Amino acid sequence: KSSMIPGYYIHVQPGQSFLAGGCYMPMPDYLSAIRQEIDYNTPEFKKIIQHKDFVQYFKTLDAEDKLKTAPKGYEKDHPEIDLLKYKSYVVMHRLSDKQLNSADFPDYCTKVFKAMFPLLLFLRRTKQ
C-alpha cells in the first residue's frame, strides 16, 4: 500500500471497478527522477504510451493531478513539457460489472496488465 515501487492495482466496487497501475504521487526525488528519465528517453517513453495495446486499454496517462505550469528545472517551452507536468504517472482502465464477473476476467485482466507492463518497467528503472 505505501510502496513507491510502480505496480498494479485492482479496485472492485459495484459500478466503479477498474484496473490501474503506475506510480501514484511519488516522493519529490523519485518524481524528479521519473521526469529526468522521460526527458532523456522521450522516444522510448512515447513508444510505450503510444503502443496500440496501451492506447486500446488506457488511451493516455491519467492527468488528474497534472501541473498547470512547468515543473521545477524545466522551461515552459520544453518540447515535451506536457509529459513532464504529471505529478503521478498512472493509467486506469474502467471495468463494467459484467466484465468483472465474467469467467474470462482473469484472462482479460492479464491482457490489460500486459499492456501496462512496459510503462511499469520504465518507471521502475528510475527507482534504481
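Colleague: Lys59: buried or exposed?
Modeller: Lys59 counts as exposed, at 59% relative accessibility. The cut-offs are under 20% relative accessible area for buried, over 50% for exposed, and partly exposed in between, with a 1.4 Å probe and protein chains only.

Colleague: What am I looking at, and what gets counted?
Modeller: This is a predicted model: local features need pLDDT of at least 70, side-chain atom pairs count only at pLDDT 80 or more, and totals for chains, interfaces and linings use all residues. Residues are numbered from 1 along each chain as its sequence is written, and side-chain values use heavy atoms, leaving out hydrogens and water.

Colleague: Where does Lys59 lie?
Modeller: In the loop between helix H3 (52–58) and helix H4 (81–84). Helices (H or I, at least four residues) and strands (E, at least two) are DSSP runs, numbered from the N terminus. Lys59 is not a glycine, yet its phi is positive, about 65 degrees.

Colleague: And what about Met25, what is its phi?
Modeller: Positive too, about 45 degrees, and Met25 is not a glycine either. Met25 sits in the loop between strand S2 (17–23) and H1. Met25 is partly exposed, at 35% relative accessible area.

Colleague: Switching to the sheet. What is the strand order?
Modeller: S1-S2-S3, an open sheet of 3 strands with antiparallel pairing. Two strands pair if DSSP finds at least two bridges between them.

Colleague: Which strands stand at the edges?
Modeller: S1 and S3 (89–95). Each has a single partner strand, so one side of each is left without a neighbour in the sheet. From one strand to the next, the twist averages 15 degrees.

Colleague: How many bridges join S1 and S2?
Modeller: 5, with S1 covering residues 7–11. His11 has Phe18 of S2 as its bridge partner. Their hairpin has 5 residues between the strands, and Gly15 there takes a positive phi near 75 degrees.

Colleague: And between S2 and S3, how many?
Modeller: 7 bridges, antiparallel. Leu19 has His93 of S3 as its bridge partner. H1 packs on the sheet and touches S2 and S3, at about 90 degrees to the direction of S3. Contact means heavy atoms within 4.5 Å.

Colleague: Which strands does H6 lie across?
Modeller: S1, S2 and S3, running at about 20 degrees to S2.

Colleague: At what angle do H1 and H6 pack?
Modeller: About 115 degrees, with axes 9 Å apart; H1 is residues 28–40 and H6 is 105–125. H1 brings Tyr30, Ile34, Glu37 and Ile38, while H6 brings Phe122, Leu123, Arg124 and Arg125. Axes are lines fitted to C-alpha atoms, for helices over the stretch in contact, and angles run from 0 to 180 degrees between N-to-C directions.
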